[in-house]
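Here's a quick tour for anyone meeting this structure for the first time. Have a look at the sequence and the model, then read on.

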Amino acid sequence: MLNRIQSFFQELTGGHSGKDFAPDDLRVAVAALCFQVMEADGTISKSERQKLREILSQYYSLSGSTLEALLEAGREAGTEAVDYYRFTTDIRRHLDEAQRVALIGILWDIVYADGDRSEMEDHVIWRIADLLGVSVRDRVLQRQQAATRTTNVRENENDENAV
């Protein structure tokens, strides 16, 4: 499934690899929603930033100044937005249902990156999922899977530290 998600994100780049990202670039919309989720609880933790960096780097094959430019474009777009509609409309137009569900899973991964899930983060993802046409069932399933992934990663890290 991860390979399928990676190929989906790589297809979205459509040959864009420069440092400048157009405001209507789908990658900016995805990054902006990620920032919206990270900011929902009032703080952006180092682990959330790192998770976002890993996700964008991995899915879009970006690094260095190009990755930084996308992060900045997403942060700016998220800060300037008055709602989620602008981003979700673009995403909904370009992604099929399975890809939108996968995006909700990515948002949950960011939420769980700091080990804490707040009511505000729940609300933001609920709103985004609703605007993307992702069912309640799929949203909850993605949340549960993200929680399980996070728990497994932490357990593996604890096991490695114990050795």
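Which residues does Leu103 touch, not counting residues up to four places away in sequence? They are Val30, Ile91 and Leu132. Keep in mind that this is a predicted model.

- Leu103 sits in helix α6, which covers residues 97-112.
- With a relative accessibility of 1%, Leu103 counts as buried, because buried means under 20%.
- Of the residues Leu103 touches, Val30 belongs to the α2 side of the contact between α2 and α5.
- Ile91 is another residue touched by Leu103, and Ile91 is part of α5.
- Leu132, also touched by Leu103, is part of α7.
- Leu103 and Ala129 are 26 residues apart in sequence, yet their C-alpha atoms are 9.1 Å apart in space.

**The chain as a whole**

- Reading from the N terminus, the elements run α-α-α-α-α-α-α-α.
- The chain has 163 residues, and 45% of them are buried.
- Take the contacts between residues at least 6 apart in sequence: 75% of these join residues at least 24 apart.

**How α2 meets α5**

- Two packed helices are described by the angle between their axes and the distance between the axes.
- Helix α2 (residues 26-39) and α5 have axes that come within 9 Å and cross at roughly 130 degrees.
- That angle makes α2 oblique to α5.
- The crossing of these two, α2 and α5, is left-handed.
- On the α2 side, the contact is made by Leu26, Ala29, Val30, Ala32 and Leu33, while α5 brings Phe87, Thr88, Asp90, Ile91 and His94.
- Sorted by class, the contact of α2 with α5 has 7 nonpolar, 2 polar and 1 charged residues.

**How α5 meets α7**

- Helix α5 (residues 85-94) also packs with helix α7 (residues 119-132): their axes come within 9 Å and cross at roughly 45 degrees.
- α5 and α7 are therefore oblique to each other.
- This crossing of α5 and α7 is right-handed.
- Tyr85, Thr88, Ile91 and Arg92 of α5 meet Ile128, Asp130, Leu131 and Leu132 of α7.
- That contact of α5 with α7 divides into 5 nonpolar, 1 polar and 2 charged residues.
- Thr88 and Ile91 turn up here in the contact with α7, and Thr88 and Ile91 are also among the α5 residues that meet α2.

**How α3 meets α6**

- Helix α3 (residues 46-60) and α6 pack at about 150 degrees, with 8 Å between their axes.
- That makes α3 roughly antiparallel to α6, because angles over 145 degrees count that way.
- α3 passes α6 in a right-handed crossing.
- Glu48, Lys51, Leu52, Ile55 and Tyr59 come from α3, and their partners in α6 are Ile106, Asp109, Ile110 and Val111.
- The contact of α3 with α6 counts 6 nonpolar, no polar and 3 charged residues.

- The rings of Trp108 and Tyr112 have centres 6.3 Å apart and planes at 40 degrees, so the pair is tilted.
- Both residues, Trp108 and Tyr112, lie in helix α6, 4 residues apart, which is about one turn of the helix.
- Trp108 and Tyr112 are both buried.

- Ser61 is found in the loop between α3 and α4 (64-80).
- Phi of Ser61 is near 55 degrees, a positive value in a residue other than glycine.
- Ser61 counts as exposed because its relative accessibility is 52%, and the cut-off for exposed is over 50%.
- Ala147 lies in helix α8 (residues 136-162).
- At 21% relative accessibility, Ala147 counts as partly exposed.
- Ala147 and Gly115 are 32 residues apart in sequence, with 8.9 Å between their C-alpha atoms.

Note on methods:
Residues are numbered from 1 along each chain as its sequence is written. This is a predicted model: local features need pLDDT of at least 70, side-chain atom pairs count only at pLDDT 80 or more; totals for chains, interfaces and linings use all residues. Side-chain values use heavy atoms; hydrogens and water are left out. Rings of Phe, Tyr and Trp (its six-membered ring) pair if their centres lie within 6.5 Å; planes under 30 degrees apart count as stacked, over 60 as edge-to-face and the rest as tilted. Buried means under 20% relative accessible area, exposed over 50%, partly exposed in between (1.4 Å probe, protein chains only). Axes are lines fitted to C-alpha atoms, for helices over the stretch in contact, and angles run from 0 to 180 degrees between N-to-C directions. Angles under 35 degrees count as roughly parallel, over 145 as roughly antiparallel, 65 to 115 as roughly perpendicular and the rest as oblique. A crossing is left-handed if the near helix is turned anticlockwise from the far one by less than a right angle, and right-handed if clockwise. Contact means heavy atoms within 4.5 Å. Ala, Val, Leu, Ile, Met, Phe, Trp, Tyr, Cys and Pro count as nonpolar, Asp, Glu, Lys and Arg as charged, and the others, Gly among them, as polar.
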